[in-house]
Amino acid sequence: MSLTHQPRTGFFYVLPAIVFTCVFVLYPLTQLFYISLTDRTLLGGGHYIGFGNYTRAFADKAFWQAFEFTILYTIFLTPVLMALGFLLALLTVRNTGLSRFTRGVIFLPVVIGLASSSLLWVWLFDQQVGLINRVLMDLNIISAPWTWFNIFSRGFAAICFSVTWKVVGFGMILFVAALQSVGRELEEAAIIDGASYWQRVWRILVPLSRRTLFLAALISAIGSMLAFDQFYIMTGGGPRGQTFTSVYFVYQNSFVFFKLGYGAALSIILAVFILIGSIFQMWLSRRGATA
Amino acid sequence: MWGSGAHVLPAGPDDKALDGPGVKEVLTMFHDMWKDKIIPESAQQDNGTNFFATFETGKVGMQGSGGFAISALKKDHPEINFGIAYLPGIKPENASSFVGGDVIAIPKGSKHADMAKKFIQWALTDEAQLNGLAKNLILPARTDLADNEFFKAEPRYITTAKAVAIGQTPWVFHFNDMVNADGSPWLQMLQTAIFDGKIDEAIATAQDALKTIASN
């Protein structure tokens, strides 16, 4: 077979993936961009208005307030998930029966939907019948049941706690795989040299798990930037509209206010910011690897 | 607020918002109730979805509700002894109600507008209003049929049906954005005024937000 046949053969092998990407990614993205250039409503219709929606979005204080809150949420939650996930991975890295069982228990919430998890936690945090208040009162931490979602700090803490419970298992599993791929002889050499446990963790395991750490941080950050379910179900954007996220704002404009064109423009702007953040994070990862 | 004569929602950017007697007084009254601890704490984080459920507990003395509440309470909570009154205003002679929920509309560009109009005309006949609605303990839209044979066994239905005559329907294009949406200016005004006590600030912020929405 001549060499010129191979590229063509290779093309046919990747053709299904190309078709899938075109149909389920490129076409919807193009359609979304087109809609963002119109004043289309959820009931149909609409005319071409150029970049009118984008101009409006850049002047929309409510959108930037939601974006700012989303950034705050991402910056706060991502390190928490990474640190806790890594610590849990250290705890369960050995392949003993107890470690495997613990990993399973911690990973279990990952498989349920975020909406289901949020419905569970909104009742656990309920002021009248919630288990959280009952436990806190029995431990004398609070004297009367708290209303969790009427004060920003309490509502934010409740959501971060519930999301951490739900997703930390995913990071843990990634880090366990990374830690188990580190050669045992490196650790043994460090033990012989007199390194303590935490010195081995900080100077051997963390550097060698850097790629996985960056990958997990990227996935976590993107997930946090796209947060919606937990805020929709648990806080409804409250109190006083302080917990509206970017995606919640897009949803509100598109499906509650019926402004599909404007919602599409907001989605594109959000996607661009997430893309820039991801590129920066990947550049940091490559820079760290070559340092 | 309506009962007191206030104009609540702006129809356009030049229309007034939260204007007139009753706006500040009603919010102040509710804030005083909150300070006196006669509003459930759970109301702080309720966006309205649980308003009837709290009355069903039998621990709430007074609740704004709709005509549906009569049959629901009689069926599910016969132990609750309840009465019906119009929503009051700030003066003893003031009263109002909310008229709405189920509406009929003919969309612009409808291909069968004439047929739709005929249906609406039939829906307003005695036959439809009485045998279709009142017989099933649903409020008739026609106020002249409020006092009908089907409601005689339950006078509370007659009171509720007569409220249609003094009630109002919010007639603004962006009602959903202004009132029903999560974090709407209306909801934020209620929460800030009633629970935080910042009544003037809440009204001023809501007025600006409502007019911004009305101008879209």
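Asn140(A) sits in the loop that links α6 (131-138) and α7 of chain A, where helices (H or I, at least four residues) and strands (E, at least two) are DSSP runs, numbered from the N terminus. Its phi is near 60°, a positive value in a residue other than glycine. Please keep in mind that this is a predicted model: local features need pLDDT of at least 70, side-chain atom pairs count only at pLDDT 80 or more, and totals for chains, interfaces and linings use all residues. Residues are numbered from 1 along each chain as its sequence is written, while chains are lettered from A and ligands numbered from 1 in the order in which they are written.

**Backbone details**

- Asn140(A) is exposed, with 7 other C-beta atoms within 10 Å; a residue counts as buried if 20 or more other C-beta atoms lie within 10 Å of its own, as exposed if 12 or fewer, and as partly exposed in between, with C-beta atoms placed from the backbone.
- Leu18(B) also has a positive phi in a residue other than glycine, near 50°.
- Leu18(B) belongs to the segment before α1 (23-35) of chain B, and Leu18(B) is buried, with 24 other C-beta atoms within 10 Å.
- Gly238(A) and Pro239(A) are joined by a cis peptide bond, with omega about 0°.
- Pro239(A) lies in the loop between α11 and α12 of chain A.

**Chain A as a whole**

- Chain A has 13 helices and 0 strands.
- Along the principal axes, the C-alpha atoms of chain A fill a box of roughly 80 × 75 × 30 Å.
- Chain A has 291 residues, of which 31% count as buried.
- Of the contacts in chain A between residues at least 6 apart in sequence, 70% join residues at least 24 apart; two residues are in contact if their C-beta atoms, placed from the backbone, lie within 7 Å.

**Nonpolar cores**

- The largest nonpolar core has 48 residues, and Phe175(A) and Leu266(A) have the most contacts inside it; such a core is a set of buried Ala, Val, Leu, Ile, Met, Phe, Trp, Tyr and Cys residues joined through C-beta atoms within 7 Å.
- The elements of chain A that give two or more residues to this core are α3 (61-92), α5 (114-124), α7 (152-180), α10 (210-225), α11 (229-234), α12 (246-256) and α13 (260-290).
- Helix α7(A) supplies the largest share of this core, 12 residues.
- Beyond its neighbours within four places in sequence, Phe175(A) is in contact with Gly85(A), Phe86(A), Ala89(A), Ser209(A), Thr212(A) and Ala216(A).
- A second, separate core has 24 residues, including Val8(B), Val23(B), Met178(B) and Ala209(B).

**Helix α8 of chain B**

- Helix α8 (residues 185-195) of chain B is mostly covered, with 10 of its 11 residues buried.
- Among the buried residues of α8(B) are Trp186(B), Leu187(B), Met189(B), Ile194(B) and Phe195(B).
- The elements covering the buried residues of α8(B) include α1, α7 (175-180) and α9 (199-214) of chain B.
- Gly197(B), which follows α8(B), has a positive phi, near 80°.

**Where the chains meet**

- The contact takes 15 residues from chain A and 14 residues from chain B.
- On the side of chain A that touches chain B there are 5 nonpolar, 9 polar and 1 charged residues; here Ala, Val, Leu, Ile, Met, Phe, Trp, Tyr, Cys and Pro count as nonpolar, Asp, Glu, Lys and Arg as charged, and the others, Gly among them, as polar.
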